[in-house]
Amino acid sequence: MRPPAMLRWAAVALALALAALLVSAPAAAFYLPGVAPNDFQKKDQLLVKVNKLTSTKTQLPYSYYSLPFCKPNTIVDSAENLGEVLRGDRIENSPYVFEMREPKMCQIVCRAQVDDKQAKELKEKIEDEYRVNMILDNLPLVVPIARQDRDAVVYQGGYHVGVKGQYAGSKDEKVFIHNHLTFLVKYHKDETTELSRIVGFEVKPFSINHQFEGQWNDKNTRLITCDPHASKLVTNSDTPQEVEAGKEIIFTYDVGFEESDVKWASRWDTYLLMTDDQIHWFSIVNSLMIVLFLSGMVAMIMLRTLYRDISRYNQLETEEEAQEETGWKLVHGDVFRPPENSDLLCVCVGTGVQFFGMLLVTMIFAVLGFLSPSNRGGLMTAMLLTWVLMGLFAGYASSRFYKMFKGSEWKSITLRTAFLFPGIAFGIFFILNALIWGEKSSGAVPFTTMFALVLLWFGISVPLVFVGSYLGFKQPAIEAPVKTNKIPRQVPEQAWYMNPAFTVLIGGILPFGAVFIELFFILTSIWLHQFYYIFGFLFLVFIILIITCAEITIVLCYFQLCSEDYNWWWRSYLTSGSSAIYLFLYAGFYFFTKLQITKLVSGILYFGYMLLASFAFFVLTGTIGFCACFWFTRLIYSSVKID
């Protein structure tokens with residue numbers, strides 16, 4: 001069975017699984033676990049949860065309670081999936097408790113005394129522009145920011161811990177903490193049942209140096225600076241709260257409720273509103289132009305040049321004419337000769353098939369809405385589990401090619417398929433995780449989660465690779481359409497433009513060009529902590545990437561064979577795979593132009609993870625190009641008469 005047919009098997013299996021899932025789901029009201037709507041009556045309790053502190057300057061998340069914020073009597077961790085843990089999410093309860101549709105003004109949370117160590121930590125976090133993330137009814141907290149240039153409101157995820165500024169008439173820069181929060185909960189009310197659903201969670205943070213009269217009496221103390229009875233509400237930060245060792249900080253909040261016409265099903269639209277759809281369409285049009293250009297070249301080769309070649313070769317009658325033949329038919333006795341390091345090529349192809357299956361399945365689920373941003377960690381969890389399950393196809397593909405190359409030790413190729421890429425990825429991940437752990441960040445993966453990852457690898461992925469490899473090796477070997485000569489033919493001297501290094505580097509430009517605009521949005525969502533949800537665009541770009549990789553490899557492979565160079569196996573893999581070089585270079589460009597990372601550890605994390613992503617992209621695109629070229633060579637050499 002050829003690799004494309006095997007990939008079709010994966011698509012068929014996926015379609016059957018999706019059909020079974022959709023048939024078994026209730027048709028009337030189907031909701032994903034954890035994202036079903038909650039109905040609230042008036043005065044029902046609303047529990048606010050806190051999440052990690054994040055910063056685009058350091059990329060190192062920290063637990064909310066790593067800073068001297070007010071704590072509840074007992075801190076309870078919310079249930080987290082594997083994806084949330086790997087993302088560094090640490091969701092915990094908080095002392096903020098609301099009552100549905102019951103506004104509260106100037107509520108005291110606690111009074112905290114800040115020592116030297118805590119003051120230093122607060123100042124560091126404020127200088128690094130850390131934001132506090134909270135969650136209410138699975139909606140993230142946002143800060144509305146009015147944009148005067150567009151006469152619209154944009155939303156920033158989470159509020160800053162504090163700000164740096166100066167007192168009037170002073171040049172000394174001070175650090176101030178946001179200790180008063182004005183929350184706004186938007187709800188949609190059902191007119192018939194009087195039940196309400198939360199559709200928005202906003203906040204405006206203020207820094208206010210609170211004052212009170214008499215003795216402090218926990219939450220019964222009346223504040224001079226914030227008293228609803230005296231109409232003294234916090235509307236600005238004219239008297240901000242400075243962060244200084246030995247000073248006390250009083251944390252307060254208001255909460256208001258506002259009825260909204262937005263329905264629960266559309267409540268994420270505001271958060272995901274993007275004003276750059278035109279750029280995405282430009283990306284698609286740009287990619288389609290590349291595909292049309294390549295398709296035209298392939299059509300010209302297949303329908304005109306190649307058809308003419310095949311007709312001419314098949315019409316050669318005399319032996320003298322046959323001896324004078326030139327071009328790609330001349331190397332028919334060597335074109336299917338096994339390449340050097342054929343074992344490694346089989347491993348790379350098997351790993352690429354595993355990646356292809358993982359991305360295909362994950363993106364189909366994402367397009368269907370199963371992996372929306374409301375299902376935190378769902379995307380990463382789905383990718384991990386799908387990767388593990390696709391080990392079956394990785395083993396199958398690598399063993400089929402290994403047997404075609406006359407290999408006999410199928411267990412050896414299976415072990416390398418199961419451990420080469422995952423081993424490299426796990427090694428890089430372990431080193432980067434150690435760096436995060438050294439910074440005492442909550443983004444460090446705990447030992448239990450690391451053990452779970454190893455268990456998934458050794459307990460599920462490796463056995464599936466062995467099963468797939470066993471099934472693949474039992475199949476009859478893939479037969480070449482022409483016989484291979486015993487003595488290899490000498491490759492003539494090539495023109496400069498057919499130099500392997502040159503053609504490989506040229507071949508990677510167009511696949512990268514087809515995806516680089518969408519790549520900008522992906523990097524922005526990962527490193528600038530923004531939501532990425534336009535999986536329809538992404539799936540279309542993925543299809544375009546597949547077509548581009550296949551076509552550019554076929555074109556360059558045809559030119560290579562016409563110049564009587566039959567060493568196409570590795571070159572076809574590297575031609576489209578070289579797009580990973582441009583991806584990594586673009587990641588470096590993005591780092592220096594869009595990010596404000598200053599810490600060495602953060603820079604190492606960025607380039608470490610982008611190196612890993614580029615390696616995965618190399619394996620994926622290389623496999624696509626190789627399979628396309630393998631299909632092309634078998635097609636053309638089975639179409640001519642070989643004496």
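**Cavities and rings**

There are three cavities of 30 Å³ or more in this predicted model. The largest cavity has a volume of about 50 Å³. To find its place, select Tyr64, Phe69, Cys70, Tyr96, Tyr159, His178, Asn179, His180, Leu181 and Phe251, which line the largest cavity. By class, seven of these lining residues are nonpolar and three are polar, with no charged residues.

Next, select Lys125 together with Tyr62 and Tyr130. The charged end of Lys125 sits over the ring of Tyr62, 4.3 Å from the centre of that ring. The charged end of Lys125 also sits over the ring of Tyr130, 5.7 Å from the ring centre.

Now turn to aromatic pairs, of which the count is 54. Select Phe336 and Tyr637: this pair is edge-to-face, with 6.1 Å from centre to centre and 80° between the planes. Phe336 lies in the loop between α6 (319-323) and α7 (342-367) and Tyr637 in helix α17 (residues 600-637), so the pair ties together parts 301 residues apart in sequence. Is Tyr637 buried or exposed? Tyr637 is buried, at 1% relative accessibility. Phe336 is buried too, with a relative accessible area of 9%.

Last, select Ala152, which is found in strand β7 (residues 152-157). Ala152 is partly exposed, with a relative accessible area of 35%. Leaving aside residues up to four places away in sequence, Ala152 touches Ile145, Ala146 and Arg147.

How values were computed: Residues are numbered from 1 along each chain as its sequence is written. This is a predicted model: local features need pLDDT of at least 70, side-chain atom pairs count only at pLDDT 80 or more; totals for chains, interfaces and linings use all residues. Side-chain values use heavy atoms; hydrogens and water are left out. On a 1 Å grid over the protein atoms alone, a cavity is a set of points where a 1.4 Å probe fits but cannot get out, and a pocket is an open set with protein on both sides within 12 Å along at least five of seven lines; lining residues have an atom within 4 Å of a point. Grid points are joined across faces, edges and corners, and a volume is the space filled by probe spheres set on the points. Ala, Val, Leu, Ile, Met, Phe, Trp, Tyr, Cys and Pro count as nonpolar, Asp, Glu, Lys and Arg as charged, and the others, Gly among them, as polar. Helices (H or I, at least four residues) and strands (E, at least two) are DSSP runs, numbered from the N terminus. Buried means under 20% relative accessible area, exposed over 50%, partly exposed in between (1.4 Å probe, protein chains only). Contact means heavy atoms within 4.5 Å. Rings of Phe, Tyr and Trp (its six-membered ring) pair if their centres lie within 6.5 Å; planes under 30 degrees apart count as stacked, over 60 as edge-to-face and the rest as tilted. A charge sits over a ring if NZ of Lys or CZ of Arg is within 6 Å of the ring centre and within 35 degrees of the ring normal.
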